[in-house]
Amino acid sequence: MKAKRPINYKSLRRKYPDIVTYRAVSEKLRRRRRAKSTKTATGEDRGEAMTTYTEQEEIENLSFKTPHCFILGAGASLAAFPDGDKNGRKLPVVANFCEVLGIDHYFEEAGIPPPYDDFEAIYSTISSKPVLSHLVTALEQEIFDYFAALELPDYPTLYDHLILSLREKDVIATFNWDPFLVQAAQRNARKTKVPKLYYLHGCVAIAHCEACKLKVPSQPRCPRCEGPLQRSQILYPVTQKDYVTDPLIKNEWDATQWHLKHGYILTIFGYGAPSSDVEAVRLLKEGWGNPEDRSLEEVEIIDVLERAELEKRWEPFIHTHHSRTTKRFYESLAGRHPRRSCEVLWQTLMYLRPSEGIDFPSEATFPDLYEYLEPRLFAELRQSES
Ligand SMILES: [Zn+2]
């Protein structure tokens, strides 16, 4: 068994200035536990030990600079758009990918017999045969066009709620090709500053200018130099994905890893860590680092699967008991504590002052949603001006 590494308070204090009180809190807890060790703690006893962190305190406290990092997988887009996009276009899953996109005829032409229920395996087969390269090019274009045509509904969606639940310091890194996150960020950027977005497998709604090193939502020309833009490469499901050759994809990974390293909360939303993408999980792990060094940080998983299975899957990321799972975004840290997730978690774990948070107004219209979040947005504006 590995020896337990001592806590490096010096480096922790650099990252969390508030940690100066951590030892004091630990000591206080130890004393409280000793005092209670002779009797069984009742609900009342526990109630005495804790004070609630009020909603007003939650609104006013903006002490964190470290990010809350979200990783999105296909499950997040599916949860957000179970009935498809604005025009009823369905989002495929691996099992019905070929059927939903209507691309079976490519495989018939390639001489591959049905069933076509494993797009990853079929794509790997045909893309490895140089003689079929013309088919692969046409197939990739059709897939790109299908996703590029997807549109957000006019009303607020889960992706709008996600964008609005995080601050500019926070990060969303997505494995999804669809344009929903880009569109949600664009329309909410009129109201407030949005989190940083990274596209780990590329995105149909993103383009970049090599000369300016600029990444922008797809548009005809570079807004800075007016030169031509290159559309984002899409990483198709081959077993060995290349995360380093394309400059945009490499930049997305480098930035994600940096933020993971410096993040306080890591939330994995609807990402199944497929066995066909071992390299992606390795890179995420490399960014997050050794769980032994993440003794203060928290891993949160939003997924429809059961807790035991999820904890087993993400065990290499989790420091002892520092994890939580939920099936719905609205029950997650960001959903219950929009724009304040890091501060609330810190108050809960370090000062034993939990906050109930809010019932996210998931059915509200845009004006009502913005009005609901106004006290939080106003507190941020006031802080930025002071
Ligand atoms: Zn440019």
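Residues are numbered from 1 along each chain as its sequence is written. Because the model is predicted, local features need pLDDT of at least 70 and side-chain atom pairs count only at pLDDT 80 or more, whereas totals for chains, interfaces and linings use all residues.

The secondary structure of the protein comprises 17 helices and 9 strands, where helices (H or I, at least four residues) and strands (E, at least two) are DSSP runs numbered from the N terminus. Of its 386 residues, 34% count as buried; a residue is buried if 20 or more other C-beta atoms lie within 10 Å of its own, exposed if 12 or fewer, and partly exposed in between, with C-beta atoms placed from the backbone. Among the contacts in the protein with a separation of 6 or more, 70% are between residues 24 or more positions apart, two residues being in contact if their C-beta atoms, placed from the backbone, lie within 7 Å.

When neighbours within four places in sequence are left aside, Ile172 is in contact with Phe70, Leu72, Leu162, Leu166, Leu181, Pro195 and Leu197.

Phe81, in the loop between α5 (74-80) and α6 (97-101), counts as buried because it has 21 C-beta neighbours inside 10 Å. Not counting residues up to four places away in sequence, Phe81 touches Leu91, Thr157 and Phe180; Phe81 and Thr157 are 76 residues apart in sequence, and their C-alpha atoms are 8.0 Å apart in space.

Two packed helices are described by the angle between their axes and the distance between the axes. The axes of helix α12 (residues 247-262) and helix α13 (residues 278-288) come within 7 Å and cross at roughly 40 degrees, which makes α12 oblique to α13. Here axes are lines fitted to C-alpha atoms, for helices over the stretch in contact, and angles run from 0 to 180 degrees between N-to-C directions; angles under 35 degrees count as roughly parallel, over 145 as roughly antiparallel, 65 to 115 as roughly perpendicular and the rest as oblique. Trp253, Thr256, Gln257, Leu260 and Lys261 of α12 make the contact with Leu283, Leu284, Glu286, Gly287 and Trp288 of α13.

Most residues other than glycine have a negative phi, and most peptide bonds are trans. The peptide bond from Pro114 to Pro115, however, is cis, with omega near 5 degrees, and Pro115 is placed in the loop between α7 (104-109) and α8 (119-127). Ala273, in the loop between β7 (265-269) and α13, has a positive phi near 45 degrees and is partly exposed, with 16 other C-beta atoms within 10 Å. Thr320, found in the loop between α14 (307-313) and β9, has a positive phi of about 35 degrees although it is not a glycine, and Thr320 counts as exposed, with 9 C-beta neighbours inside 10 Å.
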